[in-house]
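Work through the exercises below with the structure open beside you, and try each task before you read its solution.

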Amino acid sequence: MSVERNTRAIEGTVVTDFQDRMSYGGYLDLPTLLSAQRPLSDPEHHDELLFIVQHQTTELWLKLVLHELGAACRLLREDQLAPALKCIARVKHIQKTLTEQWSVLATLTPAEYGQFRGVLGNASGFQSAQYRAVEFTLGNKNAAMLRVFESDPAAHALIAATLEAPSLYDEFLRLLARSGYPIPEAVLERDVTKAWTYSPELVPVFTEIYRDPQTHWAAYETCEELVDLEDNFQLWRFRHLKTVERIIGFKSGTGGSSGVPFLQRALDLTFFPELYAVRTEL
């Protein structure tokens, strides 16, 4: 095959002059984005770029997750359930991408990571403000986390805002109450800055919904979407734990945590416990 036949000609209508036009790189601000990877190892270790890209990519996806969850909360407040579910569906796809992404970092061996781990100092994913904001938005709140972000005003403001706002679950329960479901007043008036705790009074409400899905389809569908969110989040947590265990074993984390044991305890945290408890009642 000749070179000419194996080359795709540029069509005459394709724009090639970007002197005064918006380009792909300009729209995405690629010079800024692609210059944000600055390895600190000296000499630069080949695998540090992988470590940086993995975590920066995660932060970009978390930014979108927060964007979608924030919109879902607003739409639930406005009784717009269908578009809220579209936002949640998008989050579910992002979660799958984030979970699969651990397989890339898992190619980093203990010996390779050990050669540049020291340059991280006390930097740790535990300090991710966006990750913490996602957990808070889903109901797993902890005011003590504000201390971690006291030196970063923007991050502190984000965490404080999500701490003080009703969670996605709070907004869903309020929508159910407005729709005529008997949500207890104590639930509707709870202190939303506290982590959600199991409310047995809600289980009969969800039992009614689950026993007759056709009559309560909108509520039933939303419950299942929330269960999907939690399942995906737990899979992400587990994959995180196993990747850390694979790379550093049971060493302490760079941020001072116990490492794998600390991550193991996160698997006991739940966002929507009543949606699991109802299954025992059916």
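**Exercise 1.** Decide whether Phe-126 is buried, exposed or partly exposed.

*Solution.* Begin with the cut-offs: a residue is buried under 20% relative accessible area, exposed over 50% and partly exposed in between, with a 1.4 Å probe and protein chains only. The relative accessibility of Phe-126 is 29%, so this residue counts as partly exposed. Phe-262, with a relative accessible area of 31%, is partly exposed as well. Keep in mind that this is a predicted model, in which local features need pLDDT of at least 70 and side-chain atom pairs count only at pLDDT 80 or more, while totals for chains, interfaces and linings use all residues. Residues are numbered from 1 along each chain as its sequence is written, and side-chain values use heavy atoms, with hydrogens and water left out.

**Exercise 2.** Classify the ring pair of Phe-126 and Phe-262, and state which parts the pair ties together.

*Solution.* Rings of Phe, Tyr and Trp (its six-membered ring) pair if their centres lie within 6.5 Å, and planes under 30 degrees apart count as stacked, over 60 as edge-to-face and the rest as tilted. The whole structure holds 14 aromatic pairs. In the pair of Phe-126 and Phe-262 the centres are 5.5 Å apart and the planes stand at 70 degrees, so the pair is edge-to-face. Next, locate the partners, remembering that helices (H or I, at least four residues) and strands (E, at least two) are DSSP runs numbered from the N terminus. Phe-126 sits in the loop between helix H5 (110–114) and helix H6 (129–137), and Phe-262 belongs to helix H12 (residues 260–266), so the pair ties together parts that are 136 residues apart in sequence.

**Exercise 3.** Repeat the analysis for Tyr-169 and Trp-196.

*Solution.* The rings of Tyr-169 and Trp-196 are 4.9 Å apart, centre to centre, with 70 degrees between the planes, and this aromatic pair is edge-to-face. Tyr-169 lies in helix H8 (residues 168–178), whereas Trp-196 lies in the loop between helix H9 (185–188) and helix H10 (203–211), so the parts that the pair ties together are 27 residues apart in sequence. Tyr-169 is buried at a relative accessible area of 0%, and Trp-196 also counts as buried, at 9%. Both residues are members of one aromatic cluster, which includes Trp-102, Tyr-131 and Phe-233.

**Exercise 4.** Find which buried residues helix H13 has, and name some of what covers them.

*Solution.* In helix H13 (residues 273–281), the buried residues are Pro-273, Glu-274, Leu-275, Ala-277 and Val-278. Their cover includes H8, H10 and H11.

Methods
Contact means heavy atoms within 4.5 Å.
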